[in-house]
Amino acid sequence: MTKEQLRQYRSIKIETSQLERRIAELEGLGQDDITKPLRETYREKLGTLIESQLKIEKAIEELNPTERELMRLRYIDGVDWTEVCATIHYEWTQTHRIHARALNKIKSI
């Protein structure tokens with residue numbers, strides 16, 4: 001798991017919601033034969049995105065509680081570093097040490 005993969009989590013969540021909405025819209029049209037290939041394509045992409053989300057969630061779950069909270073705040077919730085520090089009650093330097101340690105742990109996952 002890389003830092004870049006973690007950064008993609010929020011984009012994955014947005015795209016997942018968009019695909020779910022598109023699938024629902026197509027199903028609402030009632031023209032199953034015409035829209036079936038497009039719905040299947042959307043469902044395949046949705047499956048891939050959900051697999052990516054699960055991989056990230058499983059990697060984060062392997063961390064200790066403080067590291068998990070920090071990583072979820074930063075990468076899943078998109079909280080800026082100042083707010084992360086305030087939420088986990090650590091100073092900037094210590095927060096970044098915890099972050100670096102967490103990144104090292106999940107690199108092997």
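Biologist: What pattern does the protein follow, read along the sequence?

Modeller: This is a predicted model, where local features need pLDDT of at least 70, side-chain atom pairs count only at pLDDT 80 or more, and totals for chains, interfaces and linings use all residues. Residues are numbered from 1 along each chain as its sequence is written, and side-chain values use heavy atoms, with hydrogens and water left out. Helices (H or I, at least four residues) and strands (E, at least two) are DSSP runs, numbered from the N terminus. The protein has 6 helices and 0 strands, and its pattern along the sequence is α-α-α-α-α-α.

Biologist: What is the radius of gyration of the protein?

Modeller: The radius is taken over C-alpha atoms, and the globule rule is 2.2 Å times the number of residues to the power 0.38. For 109 residues that rule gives 13 Å, and the protein is well over it, so it is more spread out than a compact globule. The C-alpha atoms fill a box of roughly 55 × 25 × 20 Å, taken along the principal axes. The radius of gyration is 18 Å.

Biologist: How much of the protein counts as buried?

Modeller: Buried means under 20% relative accessible area, exposed over 50%, and partly exposed in between (1.4 Å probe, protein chains only). The accessible surface comes to about 7,000 Å², and 49% of it belongs to carbon and sulfur atoms; the areas come from the Shrake-Rupley method with a 1.4 Å probe, and for residues only the protein chains shown count as cover. Of the 109 residues, the buried share is 33%.

Biologist: Which residues does T16 contact, leaving aside its neighbours within four places in sequence?

Modeller: T16 sits in helix 2 (residues 9-29). At 6% relative accessibility, T16 is buried. Contact means heavy atoms within 4.5 Å. Beyond its sequence neighbours, T16 is in contact with L46, L49 and Q53.

Biologist: Take L49 next. Which residues does L49 touch, not counting those up to four places away in sequence?

Modeller: L49 belongs to helix 3. With 6% relative accessibility, L49 counts as buried. V84 is 35 residues from L49 in sequence and 26 Å away in space, C-alpha to C-alpha. The residues that L49 touches are I12, E15, T16 and L19.

Biologist: At what angle do helix 3 and helix 4 pack?

Modeller: Two packed helices are described by the angle between their axes and the distance between the axes. Axes are lines fitted to C-alpha atoms, for helices over the stretch in contact, and angles run from 0 to 180 degrees between N-to-C directions. Angles under 35 degrees count as roughly parallel, over 145 as roughly antiparallel, 65 to 115 as roughly perpendicular and the rest as oblique. Helix 3 (residues 32-61) and helix 4 (residues 65-76) have axes 9 Å apart and pack at about 150°.

Biologist: So how are the two oriented, and which residues of helix 4 make the contact?

Modeller: That angle makes helix 3 roughly antiparallel to helix 4. Helix 3 contributes E57, I60 and E61. The contact residues divide into 3 nonpolar, no polar and 4 charged; Ala, Val, Leu, Ile, Met, Phe, Trp, Tyr, Cys and Pro count as nonpolar, Asp, Glu, Lys and Arg as charged, and the others, Gly among them, as polar. From helix 4 come R68, M71, R72 and I76.

Biologist: Which residues of helix 4 make the contact with helix 6?

Modeller: These axes are 10 Å apart, at an angle of about 95°. Helix 4 and helix 6 are therefore roughly perpendicular. Helix 6 supplies T95, I98, H99, R101, A102, L103, K105 and I106, and helix 4 supplies T66, E67, L70, M71 and Y75.

Biologist: How do the residues of that contact divide?

Modeller: One of them, T95 in helix 6, is buried with a relative accessible area of 0%. Leaving aside neighbours within four places, T95 contacts L70, W81, V84, C85, I88 and Y90. The contact of helix 4 with helix 6 divides into 7 nonpolar, 3 polar and 3 charged.

Biologist: Is E69 buried, exposed or partly exposed?

Modeller: E69 lies in helix 4. Beyond four places in sequence, E69 is in contact with T87 and I88. At 36% relative accessibility, E69 is partly exposed.

Biologist: What is the phi of H89?

Modeller: H89 is in the loop between helix 5 (81-88) and helix 6 (92-107). At 70% relative accessibility, H89 counts as exposed. H89 is not a glycine, yet its phi is positive, at about 65°.
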